[in-house]
Amino acid sequence: MSDPTHSFRLDGRVALVTGASSGIGAELARAFAQAGAAVALVARRRERLDEAADVLRSTGARVLPLQLDVTDAAAIPAAFERVEAELGVPDLLVNNAGIARTGMFLKTGIAERDATFATNFDAAWDLSAEAARRMIAAGKPGCILNIASVLALGGAPGYAAYAASKAALTHLTRCLALEFVRHRIRVNAIAPGWFVTEMNDDWLGSEAGREYLARIPPKRAGQLRELVGPALLLASDAGSFVNGVTLAVDGGHHAALV
Ligand SMILES: NC(=O)c1ccc[n+]([C@@H]2O[C@H](COP(=O)([O-])OP(=O)(O)OC[C@H]3O[C@@H](n4cnc5c(N)ncnc54)[C@H](OP(=O)(O)O)[C@@H]3O)[C@@H](O)[C@H]2O)c1
């Protein structure tokens, strides 16, 4: 009898993970490499990418650190060209790069709103288009995994731009799942709850942040490794019939948003 955990492996796959220089993206890039994928690590901070790539290479993984500002749409085709030449056609795109600008709605300027959407939504749109075109041209099935947020599932004061950009991303997930299913490209999202990263460590480490964590259903932040199993499920053949979902990974926070 074959080992049922084998279908979670990513051997032979080529992953492109955006926002791989820190936090969730770095964790997922590492996990995918350990699961057998060749991984392109994409972000703006080159030194961080080089460091992460060196660590992964020392374990025998095939990795490519690639500096890219994901909001620079004109630079995306060349980035894919490079990944294709060095690792192969990416068949697993993780749209994880994101920014969180907080502020009450009436104090949020248009520039902040647009910057939030440019990174959290428009870039995922552009990268998904490039990835899907190339998978289709190569006749390669694959996956797109969008990193949304628990704030895509329920609103919160002070997060209008961020929450709306992430809600848009979950709806894009559904639409693309329906369009790409005939090409055997699955599109899913993860909606993480709170995880301590560079995006929020100041706040979550403050007294107000600690009090907030004590009030939410799991009564704690998630550990980054708690995202790995759900991401592997959606990215691998283990999730071959899972398409168009937004999977909350939040200790139950979404069930009673507070
Ligand atoms: N942490 C949480 O509690 C939480 C909860 C829900 C959702 N999320 C989502 O998870 C994702 C990862 O966030 P994180 O928590 O891991 O925070 P993080 O450590 O700040 O990571 C954000 C990543 O995005 C990259 N990035 C931002 N703008 C970019 C751009 N224009 N081009 C390329 N890369 C860019 C950053 O890299 P460079 O600065 O090097 O470019 C960094 O690697 C985000 O989409 C976030 O919204 C996080």
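Predicted model: local features only at pLDDT ≥ 70, side-chain atom pairs only at ≥ 80, totals over all residues.
**Helix 1.** I began with residues 23-34, which form helix 1. I then looked up burial. Of the 12 residues, 11 are buried, so the rest of the structure largely encloses this helix. Among the buried ones I noted Gly23, Glu27, Arg30 and Phe32. After the helix comes Gly36, and I read its phi as positive, near 110 degrees.

**Ligand shell.** Which element gives the most residues to the shell around the ligand? I found that helix 1 does, with 3 residues. The residues around the ligand number 29, and those that come nearest are Gly19, Gly23, Arg44, Arg45 and Gly98. I sorted the shell into 11 nonpolar, 13 polar and 5 charged residues.

**Strand 5.** Next I took strand 5, residues 142-147, and found 6 of its 6 residues buried. In a regular strand the side chains alternate between the two faces of the sheet.

Strand 4 (residues 92-95) runs parallel to strand 5 and is joined to it by 4 bridges. Here I saw Leu92 opposite Cys143. With helix 4 (residues 110-138) between them in the name order, these strands make a right-handed β-α-β unit. Strand 6 (residues 185-192) is also parallel to strand 5, through 6 bridges, and Ile144 has Val187 as its bridge partner there. I followed the chain from strand 5 through helix 5 (residues 160-180) to strand 6, and this crossover is right-handed.

Notes. Residues numbered from 1 in each chain as written. Helix = DSSP H or I, 4+ residues; strand = E, 2+ residues; numbered from the N terminus. Expected span 1.5 Å × (residues − 1). Buried ≥ 20, exposed ≤ 12 C-beta atoms within 10 Å, placed from the backbone. Near = placed C-beta within 6 Å. Nonpolar A, V, L, I, M, F, W, Y, C, P; charged D, E, K, R; others polar. Pairing = 2+ DSSP bridges. Right-handed = clockwise from strand over helix to strand, strands pointing away.
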